[in-house]
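Here are my notes on this complex, in the order I'd go through them at the screen. Have a look at the structure first, then read on.

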Amino acid sequence: MLKIEHLTKKYKSIVAVDDISFTLNQGNIVGLLGPNGAGKSTTIKTIVGLLRKTNGSITVGGYSNTSREAKKKFTYVPEVPELYDMLTVWEHLKFIGYAYNVANFEEKAERLIERYDLWDKKDKLAKELSKGMKQKVSICCGLLPEPDLYLFDEPMIGLDPKSIRETKLIFKELSKQQKTVLISTHLLDSIENLCQRVLVMKKGEIIVDMAMEEMKSKLGNNENVSLEELFLEVTKDE
Amino acid sequence: MNEFKLLTKKDGWIIKNHFLEIKNNPKRLVIYLLYLIWIGSLVLNVMLRYRHPEETNMQLGPQILGAGFVGFGTVFILYFLYRGTKESSTFFNMGDVHLLFPAPVSPKKVLVYSMAKQSLLYFVLYGIIVLAFMPMIMNVAVINMQYFPFMYCGFIGLLLAIEPLKFFVFALGSKFGVREQLQQVILALIAIFCLYLLGSIISAGNLAQGLLQSLNASYLEYLPVIGWSKVAFMTAITGYSTYSVIALVLQFLFIVCSIVLSYNAADDYYEDILNATEKRSLRKKRKEGSEKAQRTSLPFSKRKNVNVSNTGSGPWAFFWRSRVEYSRSDLHPFLGLWTIIFLLAGIGIGFYGSKQTDGLTPLYIANGIIAYIIFIFSAANSGQHELTKPYIFLIPGSNLLKIISSSLTDIIRMSLNISALNISLGILLSAPPLAILVMIIFVVSFYILNLSSNFLIRIVFPNALDEKVLYPLFLMLQILLLLLPGIIVGGIVGFVYQDPLLAFAGISIVNIIIVGALLLLSNAVFVRMEWK
Ligand SMILES: Nc1ncnc2c1ncn2[C@@H]1O[C@H](COP(=O)(O)OP(=O)(O)O)[C@@H](O)[C@H]1O
Ligand SMILES: [Mg+2]
């Protein structure tokens, strides 16, 4: 579904992503982990096409990531929700519905905003929403087109417990529907029982790319080893 | 759905929401009404002048206007072209970046739509600038209103060309990796322009005459952009010719072409505009008072490691912090670029003023203008204050000290700058030391009153911050109220004794009394303040 080969991204002289390669197959739910500044957001923004790749290739479903065909196949939920100040919640969903040519988007949008408790905020302008509510709208916008590939950058930040649970449920559903999902996150427990595979980035490189099972067994097959401990173990400085 | 339809729909909703907002909150109308009144008064002013043209005995008027147009226009265009090699212009906001760009839409169509939209919008909005300049233009030249549309389009045609050009330059630079070469070309153009001016001045043997002649040279009228728009602009003053129409058409063709060229040059411009868009949205937030301004730092002092020793603990941390910020962005915690500018201004005004008059009028006028500018800026830069951060509310210590320590650096800097200006100016005008001292105290007390307004507004109009559009207005009103007593007293004293110096002294004394009272009340002020 998503194929990244030798991707490098430089900001002027800073190498934010350094020659990484990985492939996500259909149905993969993959966690992209790593300490702050590891290059997770840069990787995702480059896949989305907001940043130019310095080197390497990215294809989505066989198409180059900046082509229109590729863009039809994925959606993106940014790290910081930025909406149109002067559009209402409902108009944002309508806008996305039109932009991605979503069939029956009204029905789907209604279901989504109900799940995220936004129904009473439907006609509020985005500039009147709190940050958490903006994040919810931003997630709804990412879910509405029901693409094959979802790119989430820290989706849980700022959400209330109910929305976090709802988001996790949605991830499970996406997994059942054989969708492909790439989630960058710090909240390790939020993806612990969800991802089949984790990628760990550090200083622009992928230092671990393993199935969850394999990773656990590698560290002594101890039921009590949490993802957090694994994470701290692999990212610690030598 | 097709891109143009999608974007028109979105903009339609936005316009609708603006109207709904006004309907739900008619208070907003006040601000629009004020704008309307202002524009109306500008138009009225122009019309009155047109009906009763004052005798303009400035024979050089048209020439000065033409030279000014070409001179400023060229500087403007070259400056923005140069900026274009470093940063793109943007036609987007962060909503576009996150919702529109990832969507399967054609980046080229999105760009053309946004450029065209912005150009149309600015075509109307920039009209205000033209209106504001009109009285000045009519002072020096007689205008033929029949050709006013030419004047308008010529002026605006120049402004409209800037953003697409800047975008195009950046797109070229990043697409073909020729940023440095472009930079050199533009620097060469700047050098040619300067040499041309210098040559003409030397051959004319007179600064003013050289400038007037070289900038009005008829062959310049065939230069793209600058020449064309100048011809159109001057039609209403120097008369109509067929070339007026040709020039105007050429100018607008040029704008259309630069949009079309940008369309062709740009297929993956998303990253290029990212920086500019982020900056713009930050600027917008800052205007609304919700984000603190970053100090723009001088190029040579970027990321400098600074070492500022501590002067005290508790509330004095604010004093330390602001000195650190200034030493990182400027030459010295207390002295900087502005000190030099003020010093030079003082010397310049002093030389010029001492030739014109024997009195102290230049001293008064210079300080009056500075006070006015301080007033305007403090109403506009509402966000630039420690109060937008929570720390001033959290750090334990006396409220009085907190207020003083958080403003002290700014006050010291302003005092030094004002002293640089007044001392150099005063010496050149051979003003008595007392007069210099009074003027320094006048401006500084004025400045402190403006600073304290940032605190006061939060109790006088506690909801002002929520009314983002109205906030600057409230602030201005409040500052006026604060200044009123001083101005009244100063006015009376000055009138009775017929001495402007006494008037300034009166204002300063009353200002100081008010500042003192505010400081005494600082505890009462602070307990009522909320962090928003
Ligand atoms: N616009 C930018 N300009 C320069 N450097 C940047 C920019 N954005 C991110 N970086 C740098 O790139 C690296 C990776 O950042 P990012 O991808 O945001 O990390 P993460 O999302 O993993 O926390 C960091 O070292 C950061 O400082
Ligand atoms: Mg990140």
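1. Confidence first. Chain B has a mean pLDDT of 83, with 91% of its residues at 70 or more; pLDDT is the predictor's confidence in each residue, from 0 to 100. For the complex, the predictor gives an ipTM of 0.89 and a pTM of 0.77. This is a predicted model, in which local features need pLDDT of at least 70 and side-chain atom pairs count only at pLDDT 80 or more, while totals for chains, interfaces and linings use all residues. Residues are numbered from 1 along each chain as its sequence is written, chains are lettered from A and ligands numbered from 1 in the order written, and side-chain values use heavy atoms, without hydrogens or water.

2. Helices (H or I, at least four residues) and strands (E, at least two) are DSSP runs, numbered from the N terminus. Over residues 290-294 of chain B, pLDDT stays under 50, and the model has 17 contacts (heavy atoms within 4.5 Å) beyond four places in sequence for that stretch.

3. Domains of chain B. Domain 1 covers 56-287 and domain 2 covers 316-527; the bounds come from an automatic or database domain assignment. Their centres, taken over C-alpha atoms, are 36 Å apart.

4. The sheet in chain A. Six strands make an open, mixed sheet in the order 6-7-8-3-9-10, where two strands pair if DSSP finds at least two bridges between them. Strand 6 (74-77) and strand 10 (205-211) of chain A each have a single partner strand, so one side of each lacks a neighbour in the sheet.

5. The magnesium site. Which protein atoms are donors to the magnesium ion (ligand 2)? They are A:Ser41 (OG) and A:Glu79 (OE), 2.1 to 2.5 Å from the ion. Donors are N, O and S atoms within 2.8 Å of the metal (3.2 Å for Na, K and Ca); water is not among the atoms, so sites may look incomplete. A:Ser41 lies in helix 1 of chain A and A:Glu79 in the loop between strand 6 and helix 3 (89-99) of chain A, so the pair ties together parts 38 residues apart in sequence.

6. Accessibility at that site. A:Ser41 is buried at 16% relative accessible area, whereas A:Glu79 is partly exposed at 33%. Buried means under 20%, exposed over 50%, and partly exposed in between (1.4 Å probe, protein chains only).
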